[in-house]
Amino acid sequence: MTDILHYLNESPTVFFILKKKVNRWELEYVTDNVVNIYGKSSIEFLNGKYYHEDFIHKVDLKKFTEQASLISKTDKKEFTYEPYRIMKGNDIVWINHTTKIIRDEDGLVSSYYGYITDITKQKELYNKFTATSNILDSSFNNSFNFILLLDSRGKLLKANQTALDIAGIKEEAVLGKYYWELPWWSHYPEEERNSLRDDILSVVRGSCLKNHKIYYNKEGKRIESDCSLTPVFDDDKNVSYILCEAHDITQTINTKRSLDQYMRIVNENVYISISDLKGNILEISDAYCRLTGYNREELIGQKHSIFKHPDNDSYIFKELWNTIVKGRLWKGEHRNVKKNGDVFWVENSITPNLDENKRVTGYTSIYNDITDKKEISELLITDYLTKIFNRRHFNDIFGTELKRSKRDNTNFALIILDIDYFKQYNDTYGHDSGDKTLYTVANTIKHALHRASDFVFRLGGEEFGVITSNIDEDGAKTLAQMIKKSIEDLKIEHKNSQISDYLTISIGIKLVKPESILSKNEIYKLADLALYEAKTKGRNQTVISQTDILA
């Protein structure tokens, strides 16, 4: 009996007995190896300090309770739960749980014999199994695994009920047959049957073997299994028995195949990348490689900045990193550049990857190519003649940039520019020349601006607007002078101008400090008044509004 208890306590299967005592159920016995699954000793369970239900994962507890309520109602001799999870500290352990039901002479349940096995890593159930009949009776026949007991020559001595049920046979039909002659391997060709014979010879010499085996159940269903052949030694250290155990991993294999297929689909069709904590690319899909024009080898180990467009607002990426390092999801849009220099837009969703302790270990980025959408949006916000932003976009950007400057505690500047005597220019040179001049002036202003936070708009007719921030009064004057000079340097003839032989512009500026309470409308009017003042003073000059009060 001591040997039996020793082997039970060494087995990966926890054995327990529940008995009914005065209308309540008490744990009468549990093997010492319970600590391997729960991290708590058998004494703690027997003393009522812990109960099995305390460890069941909260997601599975309801289902377990529902199934447990069925045990007393069933007329079967045993009940097997669906695999469920328990918590061992912070670790999740998946278990198989079978309960054998014992009834008294009146047919009432008197006790439960339970078997719980950790199937998380598909451990061998019995690595120190003996040939004693008592152990076979208590554990062998109740295992959910396929188990055969062979003698030292490989002849079958006993098959558990699971194995017999799979083949749909009686034990007496296979007793005494050699391992390689058994019906589970009937589909094997002669060459593979010889390998089964070689396996037995190897185990007889004292080796433990683990390999992958395929067999078919009585319905003809293919079953994939992890199979082990383990020698059982006598007191003289000779092999007296061989234990064959096979665990059904069909679902695992099928799930892996499905997952592999899913990952192939993702790889081919989804723009996705995985990076480490510093943003270095660890994995990237073939689909995203094709989109960007790079091959995988060129991207692995690189930072995502390899795609970054130089005009992107650095604020976006500052906000991005501030979000994801805290373990939160970030979503946004930004421009990228392909290997050949083409620009494309992506809608980007970045998910932090967390370990079991909720610590960020890296990031997964999923992209959606929105270039077409952005191109359509650009058409809606672009002036058809000058190809710079239109008045509609000015109305949107004005409020956004004003709020951003206040948030960043920086100055905000609105600059309004007007071509001097443009009506006379059209009257003199014609509207076609006027349109070409508007395009030239607009893009000259645009190219005079060098920061991503600078915006230029056509507000209407010959009037343009510039929005910029993080600039002081001297900087605003310098910027205005640079723009004014760049227009003069175009040397566009304007013989009917009253101030110059060439095309010139007048400029009005309103500089707003972050603490200002001026509205958008008030800022615009003050800048427009400054422009009007520049015109009344003789044009081809810049005026900065020095007041926050409208006349």
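Analyst: In E8, leucine 156 is the bridge partner of leucine 150. Strands here (E, at least two residues) and helices (H or I, at least four residues) are DSSP runs, numbered from the N terminus. The model is predicted, so local features need pLDDT of at least 70 and side-chain atom pairs count only at pLDDT 80 or more, while totals for chains, interfaces and linings use all residues. Residues are numbered from 1 along each chain as its sequence is written, and side-chain values use heavy atoms, with hydrogens and water left out.

Strand E7 (residues 146-151) pairs with E8 in the antiparallel sense, over 3 bridges; two strands pair if DSSP finds at least two bridges between them. Both belong to an open sheet of 5 strands, ordered E8-E7-E11-E10-E9, with antiparallel pairing. Strand E8 (156-159) and strand E9 (209-216) are the edge strands, each pairing on one side only. From one strand to the next, the twist averages 25°.

Two helices pack on this sheet. Helix H8 (residues 190-204) touches E7, E9, strand E10 (222-233) and strand E11 (239-248), where contact means heavy atoms within 4.5 Å. The direction of H8 makes about 145° with that of E9; axes are lines fitted to C-alpha atoms, for helices over the stretch in contact, and angles run from 0 to 180 degrees between N-to-C directions. Helix H9 (residues 250-269) touches E10 and E11, and its direction makes about 130° with that of E10.
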